Every structure is written in structure tokens, then in C-alpha cells.
Amino acid sequence: MLNKKGKSYYFCWGFFLAFVIFLYGPTFTIVVLSFQGPEGGLTFPMNGFSFHWFHKLWEGGGYVDIGSAFRRSILLGLILMVLTVLLSVSAGMAFRKKFFGANFLFLITVSSLIVPSIILSLGIALEFRLLDETLKFLGDKYSIQWIINDFQTTLNMYSSGLGAQLTWTLPFGLLIMFAIFNRFDKSFEEASMDLGASSWQTFKFVVLPIIAPSVIGIALFGFTLSYDELARSSQVMGATNTLPLELKGLTTTVTTPVIYALGTLTTGISFLAIFIAIILFMIMRKK
Amino acid sequence: MKINKHFLLALPFYLIFIFFFIIPLILTIIVSFWDYTEYSIIPDFIFDNYKYIFNKCFKFSTDLCVTFKTYLSTFYFCFMAWFFTLIIGFTVAYFLVFHVRSVGMQIVLFLICTIPFWTSNVIRMISWIPLLGRNGLFNSFLISTGVIDEPQEWFLYSHFSVILAFVHLYTLFMIVPIFNSLIRIDKSLIEAAYDSGANGFQILTNIIIPLCKPGIIIGSIFVITVVMGDFLTIGIMGGQQIASIGKIIQVEMSYLQLPSAAANAVILLIITLLLIWTMTKFIDIRKEL
């Protein structure tokens, strides 16, 4: 049955192609539409071809400060990338042996993937709000000047925002580490230890080079999931906005192809990250 | 078990989840019993937030209360999203495992399915607008072919567009676990069934589907939980007109009615956990990971 190219074979190919068109078609449409002429609207037909809307976007389009939201999102994405890699790799190493609370940690990591994001966002917002009130209370009680004068909130992109996103990127990182170590040949490591290497040396010169290509995968998840993340961080970013938050606001207010230009740019950055990851993966594989 | 080196390696990871997962969830439960005014939240132990949510819900003589209506609507979205992602996800995974022969090709096609997951959800939602809008491609196409006479309004900002977006965004959550289950099926089982005279349909229903049940369940858990708590997709694709529990929580937060939002979150959490618990009854989830 499996070697015969029957009806099922052609049906499945057709189905898969249709699915790919369904996946990419809409994004492709807005990429095309972002090059609308200056007179063009939100839908087809194309009114000429121009970079008009990208220029508009560059000037700020009169809406919000897209540029700084962009920079913030990329910076946060990079921080998330580094943290996700470091924490997932070290936790992944730890999980190869039994340790105190390993099962519990595994359970909460998986739960974090499936708990509705809005609940967690609310919880973290509450946590930081209560933290604020505690700090203000302490500030009043012991008359700590800077708290009384300057303190506003602990809710910030790099505190609560960062933490909220970590609960989303870390589970992916850890699951990838599990997948790596399921296929990992321990004998290299043992050989290295037998030859007198310390455990740090073994990690650095034996384990790391072997797992490095897959760690690229974790980095990719860390960056892209943070860069596009919205649901979890929506309530906890404090005063500043990241790009996805700005975008969400724009969906209701903007009625020009500027939003498509922004979409094209954002998607372009995601694709660039994926492209770099794949290239790095292939280079490291070859070594 | 003594606290060893491995515990220390996992410690930072542990602390992140204690501080950003465990404590927030516990606080949510605690604050759901608190009182609040327009500008502050007050420690207390009252059930008013819950009473308010279920206000008039158990008088069956009248119409359904808002809470029940919203949950019914959310369940409806869950079911539709689940149904379509399952059918599409299964077919795609089946194709990748059984019809793509070379591993290299399998990886490439698998990546093609995965790449959109790494791009922005909001953009992927917005990108339906030029297709589904009143003057969008679909309407123009249907009018030019004479299927409809005038532009249809229900393509965009409707239940239809919300479900479409869910399927568009989350089919991957089905493909990956089902793929993972299918690829472990011993191909000789299928050959044996074929040799014993089973037809393609019998092989599918008697061998392949039962063996990939764990993948189906894990995928279903992902899709259903993500739809249960959704407020973004329903908001953007529903034109901010369709209610969902996630949206109720979000709106209450914007009015700083935090204890009330927390009570809604607790109920949502309980219902989501019950759904997951029911689904895991069908498989041993630990064996699959």
C-alpha cells in the first residue's frame, strides 16, 4: 500500500499544497499590497508600485513612534534569546540526572505552555502591583526619600515583561533540550571524563560542540517567540510598548497600507532570523 | 535526595517559574476574594466577585446569563477550531510521514509548515483583511464568477473569520504532535495489515488512528487551551464585537477591576484544567514526552 502511488497519494499532495497556500497566501498578499502606489487602498487592485508606504512608515506615519518600538522589541528579543539559551541548556543538563523537585519542575514547565496567557498576564500584573504597594508602604514607614519622591512602579518591560515572556520561551527551550539528549550518545562524555577532563571541560569541549546546532534552534525560538509575543506580555509591559502591542493598537486605527508596510518589515525580520538560524545550523552541522 | 550540583544547574530556571508562574497564579486565586474600589484593591475575604459573575445564572426561567453565554460561545469556537485543525493537521502529518519518502524532503516540508509559527500572529491575522474584506479578493472573485451578486459582509469580523484565523494560526499545534506519533508507527504493521487483506480505510481506522491517539490528544490540548483563553484573535478578527472570557478579563483589567478579573481567571483556569484532565484520561501523557 505504501509504495503504491494511488489516489491517496495525489490527494495528500494536493491537500498539502493547498495547506501551504493557505499558510503563506495571506502574508504574501500583504507583502504585495505594501508596495501600493500612493493612491492605493487597503485592498486590490494595485494602484501602481511604490515604496511610498515604507517612507510613510519611516517618517512615523503620524501614528506612533514605530522606530523605538521596533528597537525595543529587537533588544528584548535578543535578551530573551540569550536567557532562554543559558537557562534551557543548564536546566537541560540538570534533567539528565535526578535532582530535587525535577518532576515538579517538569510539570510546571509543561503547564506554563498550556495555561491561558491572559491568566498569567493578569497574575504577573497583580504580583508587581502588590510589590509596588509594599514598596510604597515601606517607603512611607521608614521615610525612604527616593521611594516617596520618585518611585512609580516595578512594572517594566525588562522586569515583568521579560519574566512573562520567559514563561513562554523557556518551555520550548527545555523540550528541545529533552529532544537533544534523547538522541545523545553518552560514550563521548564518558570517554572525556575517563581521560581526566573536568566536568566543565567535558561540557565545553565535548557536549557543547555536539549539541551546538540544536542550541541554535533554541535561540531561534527565544528570539522569534519574544519578538512576536503579545498575549502574555500585553498586561505587564508598563509604560512602554513593544512592536506587537503597537501593531495591535494600529489594527483598529490605521486605514492605510502603512500597516501592511509594517507587517512586511516585521515578517521580514522574522524571516531573517529564521534564515540566519538555518545557515548557522548547516555550518555547525558540517563541522 | 540531597541537593546536588544538578539542582543548582536547574535553580535559575526553577526560580523564574516560581516567581513568574507559581506566585502569580496563587496571587490570582487570593485576589479573586478581595474587594476593590475605583482606584484600589482591598485585602478581604468575600465572594462578591464570584456572585457577580454568576448573577442570575441559575434562574432558568429567563435568558442565559452573560457568563454562560460567553462560555457557550467560547466552547463553540473551541469545538470548531479543534475540529478543523484536527482534520487538516492529521492529513498534513499523514502526508509528511507516509507519502514523503526521503528524510531530507520531510525536513524541508516540515520546516515549511513551521516557519509561520515564528512570525507575528497579529500580522498573520491582519493579512486576511485584503482577502476577506467587503472589497476584498474573495468578494471580487465570487462576484466576477457570478456565484454571488453583491459583496458578502460576513467574511470578515465574524465568527467565520475568527475560526479561519484560529485554524490558520494553530494547525501547527496539531501537526507536530501527530507527526511525532505517526513517525513512530512501525511500517511493517501496516504492511502486515495490507497483506492480510485490509483496505486503506480499514488500515487508517484500525491501525493508524488508534496508534496516533496520543499525538491527537496532545495537539487537542494545545488547540483547546489556546482558544479557551483567547482574547486577541477573537478581538481582532471579530472586529471587537464578539465576547470571550479572555476579553472579559482584559476589559476588567483595563478598568482596574482586578479582583473581578481574577475571579474570572480562576473560573477559566478551573474549566481549562477540567478539560485537560478529561482529555488526559485517554492517554498516559508522560509516556509520550
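1. A:E189 counts as buried, because its relative accessibility is 17% (buried means under 20% relative accessible area, exposed over 50%, partly exposed in between, with a 1.4 Å probe and protein chains only). The side chain of A:E189 meets that of A:R96 in a salt bridge, 2.9 Å from N to O (a salt bridge is a side-chain nitrogen of Lys or Arg within 4 Å of a carboxyl oxygen of Asp or Glu). The pair links distant parts of the chain, 93 residues apart: A:E189 is in helix α8 (residues 186-194) of chain A, and A:R96 is in the loop between α3 and α4 of chain A. Helices (H or I, at least four residues) and strands (E, at least two) are DSSP runs, numbered from the N terminus. A:R96 has a relative accessible area of 21%, so it is partly exposed.

2. On the basis of the model: it is predicted, local features need pLDDT of at least 70, side-chain atom pairs count only at pLDDT 80 or more, and totals for chains, interfaces and linings use all residues. Residues are numbered from 1 along each chain as its sequence is written, chains are lettered from A and ligands numbered from 1 in the order in which they are written, and side-chain values use heavy atoms, with hydrogens and water left out.

3. Over all chains the structure holds two salt bridges. One of them joins A:E133 and A:R129, whose closest N and O atoms are 3.5 Å apart. Both residues lie in helix α5 of chain A, four residues apart, about one turn of the helix. A:R129 is buried because its relative accessible area is 18%, whereas A:E133, at 33%, is partly exposed.

4. A:R129 also reaches the other chain. Leaving aside neighbours within four places in sequence, A:R129 is in contact with B:Y39, B:S40, B:I41, B:L256 and B:L258 (contact means heavy atoms within 4.5 Å).

5. The interface takes 94 residues from chain A and 91 residues from chain B. The two chains bury about 8400 Å² between them, 80% of it on carbon and sulfur atoms; buried area is the accessible area (1.4 Å probe) that two parts lose on being put together, summed over both. On the side of chain A that touches chain B, α1(A) gives the most, with 17 residues.

6. The largest nonpolar core has 179 residues, and those with the most contacts inside it include A:F99, A:L122, B:I178 and B:I208. Such a core is a set of buried Ala, Val, Leu, Ile, Met, Phe, Trp, Tyr and Cys residues joined through side-chain atoms within 4.5 Å. Not counting residues up to four places away in sequence, B:I208 touches B:F90, B:Y94, B:F98, B:L182, B:I185, B:I190 and B:I203.

7. B:L156 lies in the loop between α7 (137-144) and α8 (159-182) of chain B. At 10% relative accessibility, B:L156 is buried. Beyond neighbours within four places in sequence, its contacts are B:I129, B:L132, B:G133, B:S161 and B:M237.

8. Chain B as a whole: its secondary structure comes to 15 helices and two strands. Of its 289 residues, 53% count as buried.
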